[in-house]
Every structure is written in C-alpha cells, then in structure tokens.
Amino acid sequence: MTEPLVTLQNLEKRYGHSMAIHDVSLQLYPGEAVALVGMSGGGKSTIMRLIAGLEKPTGGRLTYQDPAPVMRVMYQDDRLLPWLTVQDNVGFGQHGQWVTDLLAAVGLSEAAEQYPAQLSGGQRQRLALARALLAKPQLLLLDEPLGALDALTRRKMQDLIMRICAERHLSSLLITHDVQEAARMADWIIVVKDGTNVYQTAGAKGQEAATVAKVGEDVLRVILDEQVRA
Ligand SMILES: Nc1ncnc2c1ncn2[C@@H]1O[C@H](COP(=O)(O)OP(=O)(O)O)[C@@H](O)[C@H]1O
Ligand SMILES: [Mg+2]
C-alpha cells in the first residue's frame, strides 16, 4: 500500500466566528493529480494554505508522510522579482546545471538573460513554474495559476504542467474555476462547497476530448446543484 503524502481528517479552519472550512477529509497520493473546484468563497484556497503550512488548522488532523514532502505553491500572481533576470529568478544567483535544465524544461533557455517585464504572460507563468521546481518538490500546490492566460497559452501550460509532473513523478493539487481544465488535468476532482468537500469523482487526465467534456459537464452540474446524468 502506498502511503499518502498528505492526509486531512475532518479539518477545520475558523477565522474568529466565521467558519472558512469544516469536516474536510481527503488524501493526496504520490504522483496523483487532484483538482479542487467550486464556487468562489467555498474554501479551496484555505484548504491549500493549510496543506502548505501557511496557516494552522483550528480543528481536525493534518498529517504528512514522514519525512514530510517538499511542497511549493504557484499562484495566478507570478510573484517574480522584477530586478532579477529570468535565470536569477529561478536560481537566486546560483547558475548550476539544474537551473539550466529547468529553464530548458519550461522552454525558457533563450530568455535566460531577460527580465520579467520583457516576458509574455505565458512565459512569466513558465518561469514561476521553473522556480517552484527548483526545490525538487514532491507536491505542487497550484492556486489558479493559469487564470489570467489566454485559452491557447493556457492549454499549452496545462500540457507542460502535466508533462513535468509525469516525468518527475510529482503530485499536484490544482485549484481552478474551469471544470474542463480540472477534467483534463486531474486523476481526481473534488468539489468544495460551503467550506467542505461535498463530492469526489474520477478526472479524465489523458483521456479523449469527449470524455473530458462529459466529466467536466457532470462536475459543473454538481457545483450548480443540478441532476447528474446516469
Ligand atoms: N484571512 C481570512 N480572514 C477571514 N476570512 C477568511 C480569510 N481567508 C478566507 N476567509 C473566508 O473563508 C472562506 C473561504 O475562502 P477561500 O478559501 O479563499 O475560498 P475559495 O478559494 O474557494 O474562493 C470565505 O468566506 C472567505 O471570506
Ligand atoms: Mg481561492
């Protein structure tokens, strides 16, 4: 039996009297891609911040594989350092083979000496991905990182993330508003509603477009409280 990287049992987070999440139970397994979907304000980012250790739960249990997995977070806002070149944004001044390889992996070798302001939105997100990979994480936490990209760039970025995760046996937890993106990229899709996980279904990662579309539509119905077709 493979041990989960992270286990949430009845996890709860209150801010004062307001309950951000409650009774959240889920497990993230090595190499698996999980998507969190649902209406905004439902608690997705709170779940991710708790997993990342950026906040402390107010109840329930949050446990990690021993030794604890290395985790890195990626946001829509790329958080690049504008005064550093592309390669320095990745390596923070280290110029080893590992930095060169990472830039090649995300298709930014040519741009190594440029500055973030000279890059397109898609290139900036690829750079943010390279930087997240530097620490050799086992778990990538992706909080709507592709939200600001145009459809074509977004699609390429989805493929890049999937390829890199497969090659490096990386687990991912992806928050997205886009149910089709969730269906296309995830092994498992979890619907989060009113602060808790209300539904889980298999994603359609690597499957044909019609299957992806069907899974995405069914998940959308769950989010909107409509009947799911048999
Ligand atoms: N730092 C905070 N202080 C108070 N309330 C918060 C804080 N962060 C999130 N919340 C509340 O927790 C709930 C869940 O938010 P969030 O996890 O950001 O949802 P999502 O990512 O699904 O949009 C919301 O009602 C939000 O207002
Ligand atoms: Mg959020």
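**Entry 1: salt bridges, overall count**

I counted 13 salt bridges in this structure. The model I worked from is a predicted one. I kept in mind that side chains of opposite charge can pair when their charged atoms come close. I then looked up several of the pairs individually.

**Entry 2: Arg124 and Asp78**

I found the side chains of Arg124 and Asp78 joined in a salt bridge, with 2.8 Å from N to O. Arg124 belongs to helix α4 (residues 121-133), while Asp78 sits in the loop between β5 (71-75) and α2 (86-91), so the pair ties together parts that are 46 residues apart in sequence. I next looked up how accessible each partner is. Arg124 has a relative accessibility of 23% and counts as partly exposed. Asp78, at 14%, counts as buried, because the limit for buried is under 20% relative accessible area.

**Entry 3: Asp159 and Arg184**

I turned to Asp159 and Arg184, whose side chains also meet in a salt bridge, at 2.8 Å from N to O. This pair links distant parts of the chain: Asp159 is in helix α5 (residues 151-167) and Arg184 in helix α6 (residues 179-185), 25 residues apart. I noted Asp159 as partly exposed, at 35% relative accessibility. I noted Arg184 as buried, with a relative accessible area of 15%.

**Entry 4: Glu167 and Arg163**

I looked up a salt bridge that lies inside one helix. The side chains of Glu167 and Arg163 meet at 3.3 Å, N to O. Both residues lie in helix α5, four residues apart, which is about one turn of the helix. Glu167 is exposed, with a relative accessible area of 52%, and Arg163 is partly exposed at 39%.

**Entry 5: a network**

Which residues are linked in a network of salt bridges? I recorded Lys13, Arg49 and Glu55 as linked in this way.

I traced an open sheet of three strands, in the order β2-β1-β4, with antiparallel pairing. Strands β2 (18-28) and β4 (59-64) stand at the edges; each has a single partner strand, so one side of each is left without a neighbour in the sheet. Neighbouring strands of the sheet are turned by 25° against each other on average, direction ignored.

**Entry 6: helix α1**

I followed α1 next. This helix lies across β1, β2 and β4, and runs at about 115° to β1. I listed the residues of α1 that are buried: Lys44, Thr46, Ile47, Met48, Leu50 and Ile51. Just after α1, Gly53 takes a positive phi of about 80°.

**Entry 7: a nonpolar surface patch**

I closed with the surface. Met39, Leu220 and Leu224 form a nonpolar patch there, and together they have about 260 Å² of accessible area. Met39 is partly exposed, with a relative accessible area of 47%; a residue in a patch needs over 30%.

Definitions and conventions:
Residues are numbered from 1 along each chain as its sequence is written. Chains are lettered from A and ligands numbered from 1 in the order in which they are written. This is a predicted model: local features need pLDDT of at least 70, side-chain atom pairs count only at pLDDT 80 or more; totals for chains, interfaces and linings use all residues. Side-chain values use heavy atoms; hydrogens and water are left out. Patches are made of residues with over 30% relative accessible area and no salt bridge: like charges are joined within 9 Å, nonpolar side chains (Val, Leu, Ile, Met, Phe, Trp, Tyr) within 5 Å. Accessible areas come from the Shrake-Rupley method with a 1.4 Å probe; for residues, only the protein chains shown count as cover. A salt bridge is a side-chain nitrogen of Lys or Arg within 4 Å of a carboxyl oxygen of Asp or Glu. Buried means under 20% relative accessible area, exposed over 50%, partly exposed in between (1.4 Å probe, protein chains only). Two strands pair if DSSP finds at least two bridges between them. Helices (H or I, at least four residues) and strands (E, at least two) are DSSP runs, numbered from the N terminus. Axes are lines fitted to C-alpha atoms, for helices over the stretch in contact, and angles run from 0 to 180 degrees between N-to-C directions. Contact means heavy atoms within 4.5 Å.
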